[in-house]
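Q: I have a fold on my screen and would like to learn how to read it. Can you take me through it one feature at a time?

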Amino acid sequence: MTDQDDCNVAIAKEYFRRSDARDPRLMELFHPDLRFYFPKFGIGHGPQSVLDMVAGFAGQIEAIEHDRDDLLYVARDPHVIVEGTSRGRLNGVEWDGGRTAGGRFCNVFEFRDGLIARCHVYLDPDYTGQDEARFRWGHDGREW
């Protein structure tokens, strides 16, 4: 990796640290022209869009934490791709990526001027598997 790749990975790691800590300084990591994507939310523009997405979970997510020690980082300036799992509790039901259907994710970051200019999050927002009708293959004991 190049020095710039190292810098970008450090910012991505800080994104997950601040996100898990619900640190309001998370917003400092975003470029003013941020393009943000989250499933079922769509594409938002600007740092405020991250707060708008989070507001959609208000009163439902009781806890969330990314398994930061096990995240896979792939960097090629200006991009960093991060794959991993999360765990938490939504409406009283717990999930644990890798043990339950929900909790696996992949984020694609793009950096500009030392800030996150693009963050696209790919995951199933049905963290707790309550959308049973669309589990097309059922729950037959396969590893999640």
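Q: Let's start with the surface: how much accessible surface does the protein have, and what share belongs to carbon and sulfur atoms?
A: Accessible areas here come from the Shrake-Rupley method with a 1.4 Å probe, and for residues only the protein chains shown count as cover. For this protein the accessible surface is about 8,500 Å², with 49% belonging to carbon and sulfur atoms. Bear in mind that this is a predicted model: local features need pLDDT of at least 70, side-chain atom pairs count only at pLDDT 80 or more, and totals for chains, interfaces and linings use all residues. Residues are numbered from 1 along each chain as its sequence is written, and side-chain values use heavy atoms, with hydrogens and water left out.

Q: What percentage of the residues is buried?
A: Buried means under 20% relative accessible area, exposed over 50%, and partly exposed in between (1.4 Å probe, protein chains only). Of the 144 residues in the protein, 41% are buried.

Q: How does the radius of gyration compare with that of a compact globule?
A: The radius is taken over C-alpha atoms, and the globule rule is 2.2 Å times the number of residues to the power 0.38. A compact globule of 144 residues would come out near 15 Å, and the protein has 16 Å, which agrees. Along the principal axes, the C-alpha atoms fill a box of roughly 45 × 30 × 25 Å.

Q: Which residues have the most contacts inside the largest nonpolar core?
A: In soluble globular proteins, nonpolar side chains tend to be buried together. A nonpolar core is a set of buried Ala, Val, Leu, Ile, Met, Phe, Trp, Tyr and Cys residues joined through side-chain atoms within 4.5 Å. The largest one here has 30 residues, and Tyr15, Val80, Val82, Phe109 and Ile116 have the most contacts inside it. Elements giving it two or more residues include α1, β1 (30-38) and β5 (79-90). Helix α1 gives the most, with five residues.

Q: What does Val82 touch?
A: Contact means heavy atoms within 4.5 Å. Leaving out residues up to four places away in sequence, the residues touched by Val82 include Ala12, Phe16, Tyr73, Phe105 and Phe109.

Q: How many aromatic pairs are there?
A: Rings of Phe, Tyr and Trp (its six-membered ring) pair if their centres lie within 6.5 Å; planes under 30 degrees apart count as stacked, over 60 as edge-to-face and the rest as tilted. That rule gives 11 aromatic pairs. Phe16 and Phe105 have ring centres 5.7 Å apart and planes at 40°, so this pair is tilted. Phe16 lies in helix α1 (residues 3-21) and Phe105 in strand β7 (residues 104-112), so the pair ties together parts 89 residues apart in sequence. Phe16 and Phe105 are both buried. Ring pairs also link Tyr15, Phe16, Phe30, Phe105, Phe109 and Phe111 into a cluster.

Q: Where do Trp95 and Tyr127 lie?
A: Trp95 is in strand β6 (residues 93-96) and Tyr127 in the segment after β8 (115-123), so their pair ties together parts 32 residues apart in sequence. The pair is stacked, 4.3 Å centre to centre with 25° between the planes. Trp95 is buried at 2% relative accessible area, and Tyr127 is buried at 5%.

Technical notes: Helices (H or I, at least four residues) and strands (E, at least two) are DSSP runs, numbered from the N terminus.
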